[in-house]
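Here is a short report for a reader meeting this structure for the first time. Take a look at the model, then read on.

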Amino acid sequence: MREITYLEAVREAMSQEMRKNDDVYILGEDIGVYGGAFGVTRGMIEEFGPERVRNTPISESGIAGAAVGSALTGMRPILELQFSDFITIAMDQMVNQAAKIRYMYGGKGKVPMVLRTPSGSGTGAAAQHSQSLEAWVTHIPGLKVVQPSTAYDAKGLLKAAMDDDNPVIFYEHKLLYKTSSDVPEEQYSLPLGKADVKREGSDVTIVATAIMVHRAQEAAEELEKEGISVEVIDPRTLVPLDEETIVKSVSKTGRVVVVHEAVKRGGYGGEIASMIAESEAFDYLDAPIKRLGGAPSPIPYNPELEKSHVPQVPDIIQAVKETLNKA
Amino acid sequence: MAEVKKLNVPEKITDDKLIDLYKQMWQIRFFDEKVDEFFAKGMIHGTTHLAVGQEASAAGVCALLDVEDKITSTHRGHGHCIAKGATADRMMAELFGRTTGYCKGKGGSMHIADVDMGNLGANGIVAGGIPLAVGSALTAQMKKKDYVTVCFFGDGASNEGSFHEAVNLASIWKLPVIFVCENNQYGMSGPVTEMVNVENIATRSEAYGIPGVVADGNDIVEMMNVTDEAVQRARNGEGPTLIEAKTYRWKGHSKSDAKKYRTREEEKEWRQKDPIKRFKEVLVEAGLLTEEKAEEIRLEVKKEIEDAVKFAEESPMPTADDLLTDVYA
Amino acid sequence: MAKEVFMPKLSSTMAVGTLLQWFKEEGETVEVGEPLFEIMTDKINIEVESYEEGVLLKRYYEVDEEIPVNAVIGYVGEAGEEVPEKAPAVDAEANADEEVETEVVETQSTQKDGASAQTEDGKVRATPAARRVARENEFDLASVVGTGPKGRIHEQDVVEAVGANKVFATPLAEKIANENGVDLREVTGTGSRGKIEKADVLAYMNGSSSSKKAEELEGERVKLKGLRKAVADKMVESTRSIPHVTLTSEVDMTKVIELRKALLPVVEAQTGYRLSFTEVIMKTVAHTLGNHPKVNASLVGDEIIMNKDVNIGLAVAVENGLIVPSVKQANKKGLAALTEVSKTLGAKARENKLTPDEMSGSTFTISNLGMYAIDGFTPIINPPETAILGVGRIVEKPVVVDGSVEVRPMMVLSLSFDHRAIDGAPAAAFLTELKESLEDPYSLLV
């Protein structure tokens with residue numbers, strides 16, 4: 001198998017589907033000859049033309065609504081938002097329209113669309129271009145929310161998202177675009193709602209999302225040297241959430257650290273923690289559930305401050321030890 | 001029998017269609033008046049927005065549409081639904097929250113949709129449906145389909161960002177969409193004269209390089225004619241048109257509105273411009289309708305609405321089991 | 001002022017007591033020293049006398065309930081005095097003294113701020129997992145010293161306090177344990193991280209069939225694993241709890257040898273196995289037990305069970321231990337069948353292939369050391385059985401027969417019995433009849 005980057009995996013997933021299905025098209029700002037803010041669509045307009053790689057004005061509400069309307073009438077649009085922060089502007093269309101149309105209409109009509117958008121900090125883009133706002137959309141029934149952490153997952157999950165008949169918010173992490181993994185050339189689909197155990201262990205479970213999956217794995221390697229066996233679970237999709245895999249793991253280890261980059265307060269980690277507390281895993285918890293997330297401040301510009309805003313490997317190691325009373 | 005005068009209406013509007021439209025305007029009026037009565041009596045819950053007095057724009061615009069054509073509507077959308085082919089019984093059932101309603105009782109007044117009939121739905125968000133209409137038009141263009149999409153919205157919505165974003169998108173892509181702004185003079189309590197700094201909202205089209213037309217929204221004949229032109233432009237690939245229908249809602253914004261923001265004199269003045277009465281006079285003068293026949297139609301529709309109420313009342317309620325169905329496809 | 005009536009702690013290992021009966025009704029007067037209630041501990045039944053005089057105001061527990069040590073089970077005071085509606089929480093300090101004495105030294109260092117797990121309002125700070133283990137073991141958390149922050153009790157703390165181990169077992173091991181009513185907490189696992197595997201359960205079942213807890217193995221602190229551990233536990237349990245008495249008797253085996261010689265080819269032709277003395281002795285024992293049901297009894301809890309069947313356990317030495325497969329209904333089997341079954345079971349035992357059923361149910365055990373230069377010994381009873389027969393070698397000795405000295409093949413039988421269940425006379429009668437039957441094996445045919 002060959003190795004490609006996360007970014008290439010996303011592009012390949014879209015291109016392969018667009019070759020097969022004329023209803024699939026992509027729209028967004030600067031996705032044409034520019035190739036998108038992060039270069040994900042580079043080369044696509046040359047292959048598919050400006051009709052299907054549709055460069056739009058800077059109108060997040062308008063283009064989100066156009067995507068929803070076209071999905072409702074038979075297309076399968078992929079909407080690229082340059083930065084996930086800009087979902088604030090498209091929010092009405094995603095939350096009040098896309099998510100609710102099917103239900104409001106008594107099951108008539110569907111909105112098969114994918115909103116792809118890069119999120120996360122670490123690029124020095126500061127407060128308005130670095131956020132992780134996925135928890136907002138997880139709160140909305142009718143939306144599905146995907147957060148791949150590897151190139152392999154990105155390609156398979158994006159295929160599943162494009163095949164899904166519901167609006168799917170697909171978060172790509174900017175710092176992961178350049179990471180590589182083995183990715184099959186052919187199309188494949190990874191089911192939405194199936195977590196992946198990235199590493200098996202017996203002492204503590206870490207539930208991590210997006211880039212934190214990588215940091216958790218690094219932490220686990222460090223901890224192994226000290227004889228601490230860590231299981232790392234990547235939910236991959238926040239909605240639907242694979243509760244079973246998480247509950248099973250926590251029941252086994254009795255200890256859990258939930259870690260994401262998004263601000264801890266009101267973050268999706270709270271949902272995961274609550275779910276665990278409400279589940280049968282409760283009776284196996286042998287330490288308080290630990291959450292790690294971003295600091296309660298906007299993302300700062302200064303690189304050191306920016307780094308300290310979000311959990312790093314030593315923070316995860318420390319949290320794991322705290323659950324083991326070894327800190 | 002008096003001589004029949006040829007009315008100045010679009011070619012596709014037959015004499016029979018004119019009589020149908022007269023009937024349809026009464027359907028819209030009686031439906032909303034009945035809803036008004038039920039809300040007043042507390043027989044249906046939630047809220048509602050009535051289009052009494054605005055029947056001509058809904059009926060006139062939709063008269064030019066085929067089943068394949070689409071509309072998006074607003075919170076004041078009962079008239080648009082009826083004009084696009086919805087039946088009063090299932091609409092009433094929806095307002096009664098019954099499973100036989102267009103949305104199985106889950107949408108209510110503000111969300112009646114009938115996707116099969118090209119009605120992409122009323123919308124509770126001001127200007128929320130405008131980008132959707134653009135998306136629908138984009139589908140027609142990309143799939144090379146012949147249908148047009150009419151987007152109804154109000155004077156208030158024309159101040160929303162998504163209106164401007166959507167009209168801009170439609171204009172640069174020359175999409176087959178007709179923006180119909182029903183200017184009923186008030187966005188809730190806000191008079192259009194205070195909220196918009198141009199005399200005619202239609203002139204906002206100039207900013208996007210598309211035609212803008214001001215029409216008398218209480219004159220169904222004029223509404224049909226301007227719509228006909230816009231539909232033809234759209235079907236010919238010439239892009240969108242913005243139509244402003246000047247009209248007036250007789251009732252308050254929603255069910256509990258003391259209407260302190262306007263005078264009773266103003267209301268009386270607009271009632272003189274009753275679109276149904278005006279259309280009847282035109283039809284009678286043209287020899288297409290008699291006063292007796294007009295009254296017959298009115299009573300017939302009244303009965304029809306009573307039957308719709310009966311249908312709704314006798315329809316089953318959804319059960320708790322229905323709560324979580326249709327959240328996801 | 002009303003005084004609490006406590007569940008007394010009657011031994012260092014006693015964690016709970018089972019209420020057997022109340023001697024007083026609520027409202028009845030009670031004198032100091034008068035029996036108030038009777039309990040059963042893991043060792044004994046005992047009547048508990050009142051330390052106070054007055055009226056029994058309240059009884060919080062019913063008969064058959066298991067009650068943690070130091071729990072308030074009632075109040076004695078003056079008539080009409082108010083006492084709590086529900087049993088008060090157990091006072092941790094009163095309970096913690098003796099039991100955790102040895103642990104305190106270790107735990108003080110880990111208890112960073114020295115706080116007790118019990119908060120001021122009497123609630124216990126413990127993790128859900130710790131609470132679960134306590135619940136499963138009906139163990140009072142208040143008596144556990146927590147090693148977590150602020151004295152929080154963790155699962156391991158409870159496990160240690162209960163003296164149980166967290167059970168990691170393979171599904172197969174669990175299944176076998178369930179089917180045979182084995183408490184996995186008492187089985188020592190030999191798999192990775194102490195996981196209990198099928199062989200561990202089988203070894204346990206072979207080594208132990210009662211529910212004694214590991215905590216009773218006082219002084220036994222050598223790390224034992226698997227079968228060895230099971231045998232060790234069993235032996236300790238047996239010798240500790242059973243008052244053994246061993247009787248010996250010498251048997252003239254002349255006729256048995258004749259009999260065996262005659263039947264050897266017959267049995268071999270029929271079964272393919274060689275008839276050994278063990279089977280002849282087993283046959284005789286089984287027959288004799290039929291006449292002595294008291295020696296074929298089991299002692300379980302406080303009941304002596306006269307077993308309906310005669311199932312002879314056959315002690316088999318295997319690598320690193322001892323296994324006792326059971327020859328079912330030995331009294332109804334002929335020598336050919338006994339030979340076949342014994343040989344098969346012996347082979348399976350050595351190959352570790354015995355089924356749980358084949359390893360359980362024996363009512364009397366024979367331990368044959370006749371292949372060694374052993375005359376007599378003191379075999380240890382295989383509980384819940386109440387007797388075991390040790391078989392020594394056959395050796396030619398001069399004996400007096402009818403007034404003259406003759407050389408005869410002699411064999412010593414050693415019968416150990418549980419003096420709780422059997423007295424000396426019936427045991428002696430059994431051994432005597434056994435000896436006579438072996439000296440005249442043809443009597444078995446009568």
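Helices here are DSSP runs of H or I at least four residues long, and strands are runs of E at least two long, numbered from the N terminus. The model is predicted.

**An annotated stretch in chain C**

The UniProt annotation, from an unreviewed entry, reads "domain: Peripheral subunit-binding (PSBD)" and covers residues 125–162 and 168–205 of chain C. Take residues 125–162 of chain C. This stretch is 45% helix and 0% strand. Its end C-alpha atoms lie 17 Å apart.

How many residues of chain C are in contact with chain A? Nine residues of chain C meet eight residues of chain A. Helix α3 (residues 128–136) of chain C gives the largest share of chain C's side, four residues. By class, that side holds four nonpolar, three polar and two charged residues.

**Strand β8 of chain C**

Strand β8 (residues 72–77) of chain C is mostly covered, with five of its six residues buried. Strand β1 (residues 3–6) of chain C pairs with β8(C) in the antiparallel sense, over four bridges. There, Phe6(C) stands opposite Val72(C). Strand β6 (residues 54–59) of chain C is also joined to β8(C) by four bridges, again antiparallel. In that pairing, Leu56(C) has Val76(C) as its bridge partner.

**Two sheets in chain A**

One open sheet of chain A has seven strands in the order β3-β2-β4-β5-β7-β6-β12, with mixed pairing. β3 (53–56) and β12 (237–239) of chain A stand at the edges; each has a single partner strand, so one side of each lacks a neighbour in the sheet. The twist averages 20° from one strand to the next. Strand β6 (residues 144–146) of chain A runs antiparallel to β12(A), joined by two bridges. Val146(A) has Thr237(A) as its bridge partner in β12(A). Helix α7 (residues 151–163) of chain A packs on this sheet. Helix α7(A) touches β2 (24–29), β4, β5 (114–119), β6 and β7 (168–173) of chain A, and its direction makes about 160° with that of β7(A).

Another open sheet of chain A has five strands in the order β9-β11-β10-β13-β14, and its pairing is mixed too. Its edge strands are β9 (196–199) and β14 (290–294) of chain A, each pairing on one side only. The twist averages 25° from one strand to the next. Strand β13 (residues 256–263) of chain A runs parallel to β14(A), with four bridges between them. Val257(A) stands opposite Lys290(A) in β14(A).

| Strand pair | Sense | Bridges | Source |
|---|---|---|---|
| β1(C) and β8(C) | antiparallel | four bridges | |
| β6(C) and β8(C) | antiparallel | four bridges | |
| β6(A) and β12(A) | antiparallel | two bridges | |
| β13(A) and β14(A) | parallel | four bridges | |

**A closer look at Arg76(A)**

Arg76(A) sits in strand β4 (residues 76–80) of chain A. Is Arg76(A) buried or exposed? Arg76(A) counts as buried because it has 22 C-beta neighbours inside 10 Å, and the cut-off for buried is 20 or more. Beyond residues up to four places away in sequence, Arg76(A) touches Asn21(A), Asp23(A), Val24(A), Ala71(A), Pro112(A), Met113(A) and Met162(A). Of these, Met113(A) is 37 residues away in sequence, yet the two C-alpha atoms are 5.4 Å apart.

Chain B has 11 helices and seven strands. Of its 329 residues, 54% count as buried. Among contacts in chain B between residues at least 6 apart in sequence, 76% join residues at least 24 apart.

The contact between chains A and B takes 36 residues from chain A and 35 residues from chain B. On the side of chain A, α3 (60–72), α4 (87–98) and α5 (101–104) each supply at least two residues. The largest share, 11 residues, comes from α3(A). That side divides into 14 nonpolar, 16 polar and six charged residues.

**Nonpolar cores**

The largest nonpolar core has 231 residues. Those with the most contacts inside it are Ile206(A), Val320(A), Val134(B), Val177(B), Ile178(B) and Ile243(B). Helix α1 (residues 15–40) of chain B supplies the largest share, 10 residues. Leaving aside neighbours within four places in sequence, Val320(A) is in contact with residues including Ile206(A) and Val257(A). A second, separate core has 68 residues, among them Met253(C), Val324(C), Leu354(C) and Ile366(C).

Definitions and conventions. Residues are numbered from 1 along each chain as its sequence is written. Chains are lettered from A and ligands numbered from 1 in the order in which they are written. This is a predicted model: local features need pLDDT of at least 70, side-chain atom pairs count only at pLDDT 80 or more; totals for chains, interfaces and linings use all residues. Two residues are in contact if their C-beta atoms, placed from the backbone, lie within 7 Å. Ala, Val, Leu, Ile, Met, Phe, Trp, Tyr, Cys and Pro count as nonpolar, Asp, Glu, Lys and Arg as charged, and the others, Gly among them, as polar. A residue is buried if 20 or more other C-beta atoms lie within 10 Å of its own, exposed if 12 or fewer, and partly exposed in between; C-beta atoms are placed from the backbone. UniProt positions are given in the numbering used here, feature names are shortened, and annotations may be inferred rather than shown by experiment. Two strands pair if DSSP finds at least two bridges between them. A nonpolar core is a set of buried Ala, Val, Leu, Ile, Met, Phe, Trp, Tyr and Cys residues joined through C-beta atoms within 7 Å. Axes are lines fitted to C-alpha atoms, for helices over the stretch in contact, and angles run from 0 to 180 degrees between N-to-C directions.
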